[in-house]
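Here is a short briefing on one loop. Look at the structure first, then read the points below.

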Amino acid sequence: MPTLFSWNVNGVRAAVRNGLLEFIEREQPDILCIQETKAHFGDLTPAITEPKGYGSLWCSANKRGYSGVATYFRREPLSVSNMGIEEYDSEGRVQVLEYPEFTLINAYFPNSQEERKRLPYKLGFCSSMLELCQALRSKGKNVIVCGDINIAHREIDLARPKTNTESPGYYIEEREIMTRFLEAGYVDAFRHFVPDPGHYTWWSYRAG
(Lines give C-alpha, C1' and ligand atoms only; values in the text may rest on other atoms or scores of the structure.)
Protein backbone atom coordinates (compact mmCIF):
# COMPACT_ATOMS: atom_id res chain seq x y z
CA MET A 1 0.00 0.00 0.00
CA PRO A 2 1.44 3.42 -0.90
CA THR A 3 1.96 6.13 1.68
CA LEU A 4 -0.92 8.57 1.40
CA PHE A 5 -1.00 12.04 2.97
CA SER A 6 -3.88 14.50 3.05
CA TRP A 7 -3.65 18.19 3.99
CA ASN A 8 -5.89 21.24 3.81
CA VAL A 9 -3.26 23.81 2.82
CA ASN A 10 -5.55 26.89 2.95
CA GLY A 11 -3.99 28.30 -0.23
CA VAL A 12 -1.28 26.37 -2.07
CA ARG A 13 0.86 29.43 -2.79
CA ALA A 14 0.87 30.38 0.89
CA ALA A 15 1.71 26.78 1.75
CA VAL A 16 4.65 26.84 -0.66
CA ARG A 17 5.95 29.99 1.01
CA ASN A 18 5.73 28.15 4.31
CA GLY A 19 7.56 24.99 3.23
CA LEU A 20 5.15 22.73 1.31
CA LEU A 21 7.72 21.71 -1.30
CA GLU A 22 10.35 21.06 1.37
CA PHE A 23 7.78 18.95 3.21
CA ILE A 24 7.19 16.85 0.09
CA GLU A 25 10.92 16.41 -0.46
CA ARG A 26 11.48 15.44 3.16
CA GLU A 27 8.53 13.08 3.65
CA GLN A 28 8.42 11.59 0.12
CA PRO A 29 4.77 10.47 0.16
CA ASP A 30 3.63 8.27 -2.71
CA ILE A 31 0.46 10.35 -2.92
CA LEU A 32 -0.31 13.74 -1.39
CA CYS A 33 -3.87 15.06 -1.56
CA ILE A 34 -4.30 18.75 -0.80
CA GLN A 35 -7.48 20.76 -0.36
CA GLU A 36 -8.47 24.42 -0.46
CA THR A 37 -5.78 25.15 -3.03
CA LYS A 38 -7.36 28.50 -4.00
CA ALA A 39 -5.54 28.35 -7.34
CA HIS A 40 -5.87 27.44 -11.00
CA PHE A 41 -3.25 25.21 -12.63
CA GLY A 42 -2.40 27.79 -15.29
CA ASP A 43 -1.57 30.38 -12.65
CA LEU A 44 1.06 28.21 -10.93
CA THR A 45 4.73 27.69 -11.69
CA PRO A 46 6.19 24.30 -12.68
CA ALA A 47 8.02 24.30 -9.34
CA ILE A 48 4.60 23.97 -7.67
CA THR A 49 2.89 21.68 -10.16
CA GLU A 50 5.87 19.42 -10.92
CA PRO A 51 8.11 19.02 -7.86
CA LYS A 52 10.99 16.61 -8.44
CA GLY A 53 9.72 13.05 -8.81
CA TYR A 54 6.03 13.99 -8.86
CA GLY A 55 3.19 14.63 -11.25
CA SER A 56 0.05 16.44 -10.18
CA LEU A 57 -3.59 16.85 -11.13
CA TRP A 58 -5.65 19.93 -10.28
CA CYS A 59 -9.38 20.54 -9.90
CA SER A 60 -10.21 24.21 -9.38
CA ALA A 61 -13.36 26.15 -8.62
CA ASN A 62 -14.84 28.36 -11.31
CA LYS A 63 -14.49 31.21 -8.82
CA ARG A 64 -10.86 32.28 -8.51
CA GLY A 65 -9.21 32.15 -5.12
CA TYR A 66 -11.77 29.70 -3.76
CA SER A 67 -11.86 26.02 -2.81
CA GLY A 68 -10.07 23.55 -5.11
CA VAL A 69 -8.28 20.22 -4.67
CA ALA A 70 -5.11 18.76 -6.14
CA THR A 71 -3.22 15.48 -5.95
CA TYR A 72 0.54 14.91 -6.19
CA PHE A 73 1.63 11.40 -7.13
CA ARG A 74 4.67 9.31 -7.97
CA ARG A 75 2.66 6.81 -9.99
CA GLU A 76 0.14 8.24 -12.42
CA PRO A 77 -3.45 7.04 -11.94
CA LEU A 78 -5.27 5.10 -14.63
CA SER A 79 -7.87 7.85 -14.81
CA VAL A 80 -9.15 10.91 -12.99
CA SER A 81 -12.66 12.32 -12.86
CA ASN A 82 -14.80 14.64 -10.80
CA MET A 83 -18.02 14.02 -8.91
CA GLY A 84 -20.17 14.45 -12.00
CA ILE A 85 -22.54 16.92 -10.34
CA GLU A 86 -22.18 20.48 -11.60
CA GLU A 87 -23.10 22.30 -8.39
CA TYR A 88 -20.22 20.57 -6.62
CA ASP A 89 -17.76 20.27 -9.49
CA SER A 90 -18.05 24.01 -10.19
CA GLU A 91 -16.54 24.57 -6.74
CA GLY A 92 -13.61 22.22 -7.38
CA ARG A 93 -14.43 19.87 -4.53
CA VAL A 94 -13.68 16.34 -5.73
CA GLN A 95 -11.11 14.29 -7.60
CA VAL A 96 -11.64 10.56 -8.18
CA LEU A 97 -8.37 8.82 -9.03
CA GLU A 98 -8.44 5.25 -10.27
CA TYR A 99 -5.55 2.93 -9.45
CA PRO A 100 -5.42 -0.85 -10.09
CA GLU A 101 -5.60 -1.61 -6.36
CA PHE A 102 -7.98 1.09 -5.15
CA THR A 103 -10.01 4.17 -6.01
CA LEU A 104 -8.92 7.34 -4.21
CA ILE A 105 -11.31 10.23 -3.61
CA ASN A 106 -9.70 13.55 -2.72
CA ALA A 107 -12.49 15.77 -1.39
CA TYR A 108 -12.99 19.18 0.14
CA PHE A 109 -16.36 18.92 1.90
CA PRO A 110 -18.28 22.22 2.11
CA ASN A 111 -18.39 24.31 5.28
CA SER A 112 -21.95 24.52 6.58
CA GLN A 113 -21.29 28.08 7.83
CA GLU A 114 -22.77 30.03 10.70
CA GLU A 115 -26.53 29.87 11.23
CA ARG A 116 -26.64 26.82 8.91
CA LYS A 117 -26.41 29.04 5.82
CA ARG A 118 -24.91 26.28 3.63
CA LEU A 119 -26.07 23.27 5.60
CA PRO A 120 -28.49 22.04 2.88
CA TYR A 121 -25.66 22.28 0.32
CA LYS A 122 -23.32 20.44 2.70
CA LEU A 123 -25.81 17.66 3.41
CA GLY A 124 -26.55 17.28 -0.30
CA PHE A 125 -22.84 16.97 -0.98
CA CYS A 126 -22.42 14.35 1.75
CA SER A 127 -25.33 12.28 0.44
CA SER A 128 -23.99 12.45 -3.11
CA MET A 129 -20.54 11.47 -1.86
CA LEU A 130 -21.93 8.43 -0.08
CA GLU A 131 -23.83 7.44 -3.23
CA LEU A 132 -20.64 7.78 -5.28
CA CYS A 133 -18.68 5.65 -2.83
CA GLN A 134 -21.35 2.98 -2.72
CA ALA A 135 -21.54 2.88 -6.52
CA LEU A 136 -17.79 2.32 -6.69
CA ARG A 137 -17.92 -0.38 -4.05
CA SER A 138 -20.72 -2.13 -5.93
CA LYS A 139 -18.25 -2.47 -8.82
CA GLY A 140 -15.78 -4.19 -6.51
CA LYS A 141 -13.57 -1.15 -5.93
CA ASN A 142 -11.60 -0.59 -2.75
CA VAL A 143 -12.51 2.99 -1.86
CA ILE A 144 -10.38 5.47 0.09
CA VAL A 145 -11.90 8.87 0.87
CA CYS A 146 -9.54 11.51 2.14
CA GLY A 147 -9.58 15.26 2.48
CA ASP A 148 -11.11 17.94 4.62
CA ILE A 149 -14.40 16.47 5.82
CA ASN A 150 -15.35 19.59 7.81
CA ILE A 151 -17.21 17.51 10.42
CA ALA A 152 -16.42 16.72 14.05
CA HIS A 153 -18.33 13.48 14.49
CA ARG A 154 -18.25 12.80 18.23
CA GLU A 155 -17.60 14.73 21.42
CA ILE A 156 -14.08 13.33 21.50
CA ASP A 157 -13.38 15.06 18.19
CA LEU A 158 -13.41 18.61 19.52
CA ALA A 159 -12.13 20.34 22.63
CA ARG A 160 -15.36 21.96 23.85
CA PRO A 161 -18.34 19.93 22.58
CA LYS A 162 -20.92 21.30 25.00
CA THR A 163 -20.41 24.90 23.85
CA ASN A 164 -20.23 24.05 20.15
CA THR A 165 -23.50 22.28 19.44
CA GLU A 166 -24.53 25.21 17.23
CA SER A 167 -21.16 25.55 15.51
CA PRO A 168 -20.52 24.72 11.83
CA GLY A 169 -19.03 21.26 11.50
CA TYR A 170 -20.72 20.03 14.67
CA TYR A 171 -24.37 20.53 13.81
CA ILE A 172 -26.37 17.43 14.67
CA GLU A 173 -27.34 16.98 11.01
CA GLU A 174 -23.67 16.77 10.01
CA ARG A 175 -22.85 14.34 12.78
CA GLU A 176 -25.77 12.14 11.76
CA ILE A 177 -24.66 11.96 8.14
CA MET A 178 -21.16 10.99 9.26
CA THR A 179 -22.76 8.18 11.25
CA ARG A 180 -24.40 7.04 8.01
CA PHE A 181 -20.94 6.71 6.43
CA LEU A 182 -19.66 4.57 9.29
CA GLU A 183 -22.80 2.43 9.35
CA ALA A 184 -22.28 1.80 5.63
CA GLY A 185 -18.96 0.15 6.49
CA TYR A 186 -16.43 2.98 6.19
CA VAL A 187 -13.69 3.39 8.78
CA ASP A 188 -12.55 6.66 10.37
CA ALA A 189 -8.85 5.88 9.96
CA PHE A 190 -7.73 8.63 12.32
CA ARG A 191 -9.89 7.39 15.20
CA HIS A 192 -9.06 3.77 14.36
CA PHE A 193 -5.42 4.43 15.16
CA VAL A 194 -5.87 7.31 17.64
CA PRO A 195 -8.82 6.39 19.87
CA ASP A 196 -7.80 8.58 22.80
CA PRO A 197 -9.07 12.11 23.53
CA GLY A 198 -6.95 15.22 23.18
CA HIS A 199 -5.89 14.66 19.57
CA TYR A 200 -7.24 16.83 16.75
CA THR A 201 -6.65 17.39 13.04
CA TRP A 202 -7.54 21.10 12.84
CA TRP A 203 -6.92 24.25 14.86
CA SER A 204 -8.26 27.75 14.30
CA TYR A 205 -5.79 30.45 13.30
CA ARG A 206 -7.85 32.90 15.32
CA ALA A 207 -6.30 31.74 18.56
CA GLY A 208 -2.80 32.35 17.21
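**Briefing: the loop between β7 and α5**

The model is predicted. Arg 116 sits in the loop between β7 and α5. Two other residues of that loop follow: Glu 115 and Ser 112.

**Where the loop runs**
- Strand β7 covers residues 103-108, and helix α5 covers residues 119-138.
- Glu 115 lies in the loop between them.
- Ser 112 also lies in the loop between β7 and α5.

**Backbone angles**
- Glu 115 has a phi near 55°, which is positive, and Glu 115 is not a glycine.
- Arg 116 is not a glycine either, yet its phi is positive, at about 60°.

**Buried or exposed?**
- Glu 115 has a relative accessible area of 70%, so it is exposed, the cut-off being over 50%.
- Ser 112 has 1% relative accessibility, so it is buried, the cut-off being under 20%.

**The surroundings of Ser 112**
- Neighbours within four places in sequence are left aside here.
- Ile 151 is 39 residues from Ser 112 along the chain, and their C-alpha atoms are 9.3 Å apart.

Terms used: Residues numbered from 1 in each chain as written. Predicted model: local features only at pLDDT ≥ 70, side-chain atom pairs only at ≥ 80, totals over all residues. Heavy atoms only, no water. Helix = DSSP H or I, 4+ residues; strand = E, 2+ residues; numbered from the N terminus. Buried < 20%, exposed > 50% of the residue type's maximum accessible area, 1.4 Å probe, protein only. Contact = heavy atoms within 4.5 Å.
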